[in-house]
Amino acid sequence: MNRSVRIDIGICTFRRPQLEQTLRSLAGLQVPPQIGLRVIVADNDSVPSARALVYALAAGLPFEMLYVHCPASNISLARNACLEAANGDFLIFMDDDQEVVSSDWLTEFLSVANASGADAVLAPVLAIYDAAAPRWMREGDFHSTYPTLVDGAIRTGYAGNTLLRLASPVVAGRRFSLPLGRCGGEDTDYFTRLHRAGGRIAYAPDAPAREQVPAARASFRWLAMRRFRSGQTHGRLAAEGRSPPALARESLLALAKAVYCLSAALLFIASTSNRNRYVLRGILHVGVIVGLLGVREIRQYGDDAVPEESVEVPVEGKRHAA
């Protein structure tokens, strides 16, 4: 690079003590001299519960920090707060439970972004399991996240470990859906629409973030609910602009896939990991059918719907310069 480049790292947090470890891991990054780095912490709690921690850490960390309080228990509002506050060339999203990134995480992201010229770059999120997690779950690694290729291209994504090129015309002004921020799938929706608008999504396999799997998520029930909701989101997006005959064909295809997966699970009845993988895949396709039929995702957070146009963030902000 022959010019100064500014990078914002956006971390959305909600009552997670792991935030401290996440911020401290960033202190070990290799930052080239021409790179200006700032970390934005968007606190989604109803009270500014993370503010004291962020302010206490700010003086000892080697980068500028900005704290934003955006209360709503809505992850889309927190993500949008990061987008509103970002003023760099790139914004990299992390989650508050991603505890560790390697020292070359930033340079790997930038290498792929510069080489590809892509509008967005995804990197893997690797799960860290406690010893108490079921053996089949640890063996099958059901919580790690990687991009999916369709005909050689990445057509959607996730916001857990992702770089956005802020000057891109398909990124500038684009925001996460607020209603989906209470049920999940807001990142799938965002990146699907980015791709449909002509955006290109690249992959940085050597820039992983490592995520601790909480005990509450280390269950088959949690995975099944997540797969079903994910299927709903994919089905709803696939249904947009489709004629009734096309919807019928898509529904039949999803039904065939669900039947195949659930039948295949019977063949692996003795292998818990493989059996559960096929069952969860079948549940995802059932969710696709429900989404194709127009059933919206179940809202899991907040009491009332938040109108899509309500995007005035941040509510409260304060800068700390290292």
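**Reading a predicted fold: exposure, packing, cysteines and phi**

Reader: Is A172 buried, partly exposed or exposed?

Author: The classes rest on relative accessible area: buried is under 20%, exposed is over 50%, and partly exposed is in between (1.4 Å probe, protein chains only). A172 has a relative accessible area of 48% and is partly exposed. This is a predicted model, in which local features need pLDDT of at least 70 and side-chain atom pairs count only at pLDDT 80 or more, while totals for chains, interfaces and linings use all residues. Residues are numbered from 1 along each chain as its sequence is written, and side-chain values use heavy atoms, with hydrogens and water left out.

Reader: Where in the chain is A172 found?

Author: Helices (H or I, at least four residues) and strands (E, at least two) are DSSP runs, numbered from the N terminus. A172 belongs to the loop between β10 (161-165) and α6 (186-196). Its C-alpha atom is 9.0 Å from that of L83, and the two residues are 89 apart along the chain. L83 is itself one of the buried residues of α3.

Reader: How many residues of helix α3 are buried?

Author: Nine of the eleven residues in α3 (75-85) are buried, and the helix is mostly covered. Among them are R79, N80 and C82.

Reader: What do the buried residues of α3 pack against?

Author: A contact means heavy atoms within 4.5 Å. The buried residues of α3 pack against the strands β1, β2 (35-43), β3 (64-69), β4 (90-95) and β10, and against helix α6.

Reader: How many disulfides does the rule find?

Author: A disulfide is a covalent bond between the sulfur atoms of two cysteines. Here the rule is a pair of cysteine sulfur atoms within 2.5 Å. The count comes to zero. C12 is in no disulfide, and the nearest cysteine sulfur, that of C82, is 4.2 Å away. C12 is buried, with a relative accessible area of 4%.

Reader: Which way does phi go at R15, positive or negative?

Author: Most residues other than glycine have a negative phi. R15 is not a glycine, yet its phi is positive, at about 55 degrees. R15 sits in the loop between β1 (5-13) and α1 (19-26). It is exposed, with a relative accessible area of 54%.

Reader: What is the phi of D141, and where does D141 lie?

Author: D141, also not a glycine, has a positive phi of about 50 degrees. Its place is the loop between α5 (135-140) and β8 (149-150). D141 counts as partly exposed, at 29% relative accessibility.
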